[in-house]
Amino acid sequence: MRRLFKSLQCFLCFGLLASMLASCGKEAAVVPEEPEVQAEETPKITIGFSQLGAESDWRSMNTESMLSTFSAELGYNLIYENGQQKQANQITAIRKFIQQDVDYIVLAPVTETGWDTVLEEAKNAGIPVILMDRRVDVQDEELFTCWIGSDFEVEGRKACEWLHRYAQLQKFSEEDLHIVNIQGTLGATAQLGRTRGLQDAAKLYSWDLLEETTGDFTQTKGKEVMTDLLKKYDTINVVYCENDNEAFGVIEAIEESGRKVGCDLAGGEILVLSFDGVSPIAINDCLEGKIACIAECNPLLGSRVQTIIEELEAGKTPEKFEYVSETLFSAVEDITEVEVDGVSHAVTVLNAENVEKLNKR
C-alpha cells in the first residue's frame, strides 16, 4: 500500500505537468507527435533485513534462504545488515531502514527485550515489521505486524520426551540421568524455550540437572564450557546442547577428555542431545550415534516471509503468529514418535538413504 501511494503521487504530478504544458501551448500552430508510450516497470519492493549475526550453521542457512528468496530478479530490493550478535547494531540498522523509507522491515532479533523505542519509530513511519525466528518482548504487540518461526519450548519438550522414552527402553533409571545444559545466547527466544522445556522435564521425571551454562550457540564456547564441566562433575552422562554447533564442541571436549560419546548409558557413554539438524555434520553424527537425537529447527523461512509480504501487498492481514512444522532426527529405530500435550510428533529414523537426501537440502 505504501508503494501504491508513492506511485499515485508520481502519476498525479505527471498529469498536472502535462495539463499545464497543454494550456501554455494553445497558440501553437503545430501539434507535436505523441511520444511512444513506454510500459511502466513495476517498482521493486524494498525490504530491510536485520539478521542478528552468523553464529551457527542454522543462521547461515537462514540468511541464505532470505537472500535467495528476495533477489532483484524476482522483483525485490533487499538491504541486508548483519548485526554481529549486538542489539545496538540491529537498532542502528532499523533506523537506517526507516531513513531509507523501505517498504518492509524483517527483523531476527538477538534478544527479546529492548525493542520498544525503535519499533515505535518504525510504526510511526508506517513501515510494517515482520519478526522472524526469535520474538520480542514489547508492551504493545501492535509494534510488529507478525512473527514466523519455531515453537522452541515444544522443541525442547519433544527432545526431552525422546530422552524419557529412550531411558525406558534401555531400562535405565531416570534418577540416574545426570544432565548438564549448554544453553544458547541468554535471553534469546530459542534459549528461553529450550531451557524451559528441559527444566520442566527434569522436574517431571526426577532427572538430576547438574548445571546450566551458556555456550552462546557456538562450537568454540560449547567446547570451552564442556571442558570445564567435565572437570567439575564426574557423573555427567547426558549433555543437552541448545544447538548443533555447541554439540560439535561438546563432542570434541568429551573425546579429548578420554570419555566416549554414544547412546550406551549403562556402558558409561555420554549421550548428547541437540537442536537444528541443518548441517550434514550434525545429521551424520546423529546417524553414527554421536548425537543421540536432534530436534529439528527449520531455517528455510524466506519463502514464508515472502508469502506474508504478498498478503500485505494484497491488503490482507496475515496470522499474528505462525509456527513452522518440524520433526525429530534419531537413528534409534524403536522410537518413531513422541507425544507432547496429547499431540503426536514424528521422529525421522535416520538411515543411509534419507541422510543422503537431507544432506542435499
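Biologist: What percentage of the residues count as buried?

Modeller: Buried means under 20% relative accessible area, with a 1.4 Å probe and protein chains only. Here 49% of the 361 residues qualify.

Biologist: Where does pLDDT stay under 50?

Modeller: Where pLDDT is low, the predicted coordinates should not be read in detail. pLDDT is the predictor's confidence in each residue, from 0 to 100. The average for this chain is 91, and 88% of the residues score at least 70. Residues 7-32 stay under 50, and the model gives them 1 contact (heavy atoms within 4.5 Å) beyond four places in sequence.

Biologist: Thanks! Now, how do the axes of α2 and α10 cross?

Modeller: Two packed helices are described by the angle between their axes and the distance between the axes. Helices are DSSP runs (H or I, at least four residues), numbered from the N terminus. Axes are lines fitted to C-alpha atoms over the stretch in contact, with angles from 0 to 180 degrees between N-to-C directions. The axes of α2 (residues 57-69) and α10 (residues 302-313) cross at roughly 45° and come within 8 Å. That makes α2 oblique to α10: oblique angles are those left after under 35 degrees (roughly parallel), over 145 (roughly antiparallel) and 65 to 115 (roughly perpendicular).

Biologist: Which residues make the contact?

Modeller: From α2, Ser 65, Met 66 and Thr 69; from α10, Gly 302, Ser 303, Val 305 and Gln 306.

Methods
Residues numbered from 1 in each chain as written. Predicted model: local features only at pLDDT ≥ 70, side-chain atom pairs only at ≥ 80, totals over all residues. Heavy atoms only, no water. Helix = DSSP H or I, 4+ residues; strand = E, 2+ residues; numbered from the N terminus. Buried < 20%, exposed > 50% of the residue type's maximum accessible area, 1.4 Å probe, protein only.
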